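Biologist: I am new to this structure. Could you walk me through how to read it?

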Amino acid sequence: MTQRPPDLLYAVDERPPWPKLVLLGLQFSLLLVVPLVLLVIVLKAAQTPTDDAHSYLSFGLLALALGTIFQAYNGRWFGSGYLAPPVFSAIYIGPALLAAQAGGMPAVAAMTIFAGLVEMTLARLLPYLRLLFQPLIGGLIVLVVGIELGLIGLDHLTDVRDGNVPDYGLHLAVAALCLATAIGLSVWGRGVFRLMCSLFALIVGVIAALAVGLIAGPEINQLSAAAWFALPDFGVLAYDFDPALLPSFLVAAVAAAVRVTGVIASAQRINDAKWKRPEPKSLQRGMFADGMGAAAAGLLGVLGTSAAPSIVGLSMVTGATSRAIAYAAAIFLIVFALTPKVAAFMIGLPPEVFGALILFNGSLMIVSGFQILAPRGLTTRTGFVLSLSLLLGLLARTEPQVFATLPEALRLVTGSLLTVALTTAIVLSLVFRLGIRRRETEQWRGKDGEPVNFETMLRTRSHDWKVDDETIDRAEAALTDVIRHIQESGYLDQPISLDAAFDELELEIEIAYRGRPIHPARTVPMAHHVVHEESAAAGMSAAALAAEADRTSVTMAGDEVRIKLWFTA
């Protein structure tokens, strides 16, 4: 059972009064609109006509509304049930630009549908993908996406005019002011001002651009001519599946899946005063909903969406985490989608303004990537994985011709910085897992016949193995309860040993003794007394066991019982 944090104004299952619900919904919807600049960049890369671009932006707002609803829904099969709406994600910007240049918006749409389906599949396989969801891989993804996003922002921020044009300095001044506003509010701002720094920077950038004439007659006339209400043109929707783009969008789907787990885990923590670790079912449903949102965006002809950490952070600061706010924000997004003036405003933004915003968000992602990368510090193995992945990824971006002579199958995964870096990281992680497992075995009783202090052994090894304190605390609690249970309940005839092993992803503890199993286990006779292990974990009676361990198993061969506990690090 979760416990409502006392500092929340409106918890996830509560509905604010209607006036406040409307204001909160408007506030969150405006924050979701800012990353729409990524869609503008993709539309320009695809050389989309202005009228069609208006429709695509409207479809983009509808995609945001659908994704918000999917994630807020607290159902059996999808939806985390939290206020964790998606935005147009930097994760998809690199692959979307490749698709836009190769096949226009039809290619972007088809490949985004594919990425969404991949993420939905990953959600169902989440319990079996520990390697993908370790901090090193997740942090590397965020770091690389931040680098790509920052480079894209720099391209738009600096390449606004020929440097010989007299007003070029004004363009750079507007970009610098917009960027300084975002950075200043993120560093020195407080509360809502800090979390909505991108929105305030956008406002400052637009005012500055108007003041120096960067937003002039054509853009103002276009905004004035746009209607207040109109349906988008469904005739612009088309789909063009390009197999050559599969690796880039596959990697983007993996990156989105990794990122959404962190977002949903944060939402769980904010809404539960007793939170200790992520609840897996909610993570799975949240990831599935995130994939549904990306697939819906593809069906609506635009690039992918993914859950935004900044929105969850805003809900924590405001104390309003009610899922009703998500539905209110979705209604506002639908209204914006049916208001062509919103699309006209986004298209009319000068590149120095949205370039500065993209550079700012890329910088934040780079910082987040470093924070996620190695919570227990870098080892020699993880250091090589990180450095080689980054260097090869940067080589793919700066010197793409180096990979041109590779076999076609390998060229499919060398098309971008992200695909090269992630593929390299996964391969090296698998290679470096050879010999990584460390093990320690202790007898229940020492040479003097006195019981061995297993908790002291665990604490000592946790320092050597760099196991985090939270994992060791859980392991100690479960180990103490299980040993007490089998001793006091008469299951134990003769103690044998305790074995602990750690492979940087999972801590495994095995308790061996002669006697009766906690839960009756069937044994299968084998020739030559070969031990045959068969799980009998279902319905274990040790109360703390299921609460503390991530996985459990009881096996029996003859009168020898082995209890295994696994704790995800």
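Modeller: Start with a term. Helices are DSSP runs of H or I with at least four residues, numbered from the N terminus. Threonine 48 is placed by that numbering: it is found in the loop between helix 2 (36-45) and helix 3 (50-72). Keep in mind that this is a predicted model.

Biologist: How many helices and strands does the chain have?

Modeller: The chain has 21 helices and seven strands.

Biologist: What share of the residues counts as buried?

Modeller: Buried means under 20% relative accessible area. Of the 569 residues in the chain, 54% fall in that class. As for the surface, the chain exposes about 25,000 Å². Carbon and sulfur atoms supply 62% of that area.

Biologist: What share of the contacts joins residues 24 or more positions apart?

Modeller: Take the contacts in the chain with a separation of 6 or more. Residues 24 or more positions apart account for 78% of them.

Biologist: Where does glutamine 47 lie, and is it buried or exposed?

Modeller: Glutamine 47 also lies in the loop between helix 2 and helix 3. Its relative accessibility is 70%, so glutamine 47 counts as exposed.

Biologist: Now helix 3. Which residues does histidine 54 touch there?

Modeller: Histidine 54 lies in helix 3. Not counting residues up to four places away in sequence, histidine 54 touches Gln222, Ala343, Ala344 and Ile347. With a relative accessible area of 16%, histidine 54 is buried.

Biologist: How far apart in space are histidine 54 and proline 340?

Modeller: Check both sequence and space. Histidine 54 and proline 340 are 286 residues apart in sequence. C-alpha to C-alpha, they are 6.7 Å apart.

Biologist: Which class does methionine 316 fall into?

Modeller: Partly exposed covers the range between buried, under 20%, and exposed, over 50%. Methionine 316 has a relative accessible area of 43%, so it is partly exposed. Methionine 316 lies in helix 12 (residues 309-318). Its C-alpha atom is separated by 8.5 Å from that of alanine 267, 49 residues away along the chain.

Biologist: On to helix pairs. At what angle do helix 5 and helix 16 cross?

Modeller: Helix 5 (residues 135-158) and helix 16 (residues 380-398) cross at roughly 30°, and their axes come within 11 Å. Angles under 35 degrees count as roughly parallel. Helix 5 and helix 16 are therefore roughly parallel to each other. Their crossing is right-handed.

Biologist: Which residues make that contact?

Modeller: Helix 5 supplies Leu136, Leu140, Leu143, Val144, Ile147, Leu151 and Asp155. Helix 16 supplies Thr382, Val385, Leu386, Ser389, Leu390, Leu394 and Arg397. By class, the contact has ten nonpolar, two polar and two charged residues.

Biologist: How do helix 8 and helix 15 pack?

Modeller: Helix 8 (residues 197-211) and helix 15 (residues 351-373) pack at an angle of about 155°, with their axes 10 Å apart. That makes helix 8 roughly antiparallel to helix 15. The crossing of helix 8 and helix 15 is right-handed.

Biologist: Which residues meet there?

Modeller: Cys197, Ser198, Ala201, Leu202 and Gly205 of helix 8 meet Val353, Leu357, Phe360 and Asn361 of helix 15. Six residues of this contact are nonpolar, three are polar and none is charged.

How values were computed
Residues are numbered from 1 along each chain as its sequence is written. This is a predicted model: local features need pLDDT of at least 70, side-chain atom pairs count only at pLDDT 80 or more; totals for chains, interfaces and linings use all residues. Side-chain values use heavy atoms; hydrogens and water are left out. Axes are lines fitted to C-alpha atoms, for helices over the stretch in contact, and angles run from 0 to 180 degrees between N-to-C directions. Helices (H or I, at least four residues) and strands (E, at least two) are DSSP runs, numbered from the N terminus. Angles under 35 degrees count as roughly parallel, over 145 as roughly antiparallel, 65 to 115 as roughly perpendicular and the rest as oblique. A crossing is left-handed if the near helix is turned anticlockwise from the far one by less than a right angle, and right-handed if clockwise. Contact means heavy atoms within 4.5 Å. Ala, Val, Leu, Ile, Met, Phe, Trp, Tyr, Cys and Pro count as nonpolar, Asp, Glu, Lys and Arg as charged, and the others, Gly among them, as polar. Buried means under 20% relative accessible area, exposed over 50%, partly exposed in between (1.4 Å probe, protein chains only). Accessible areas come from the Shrake-Rupley method with a 1.4 Å probe; for residues, only the protein chains shown count as cover.
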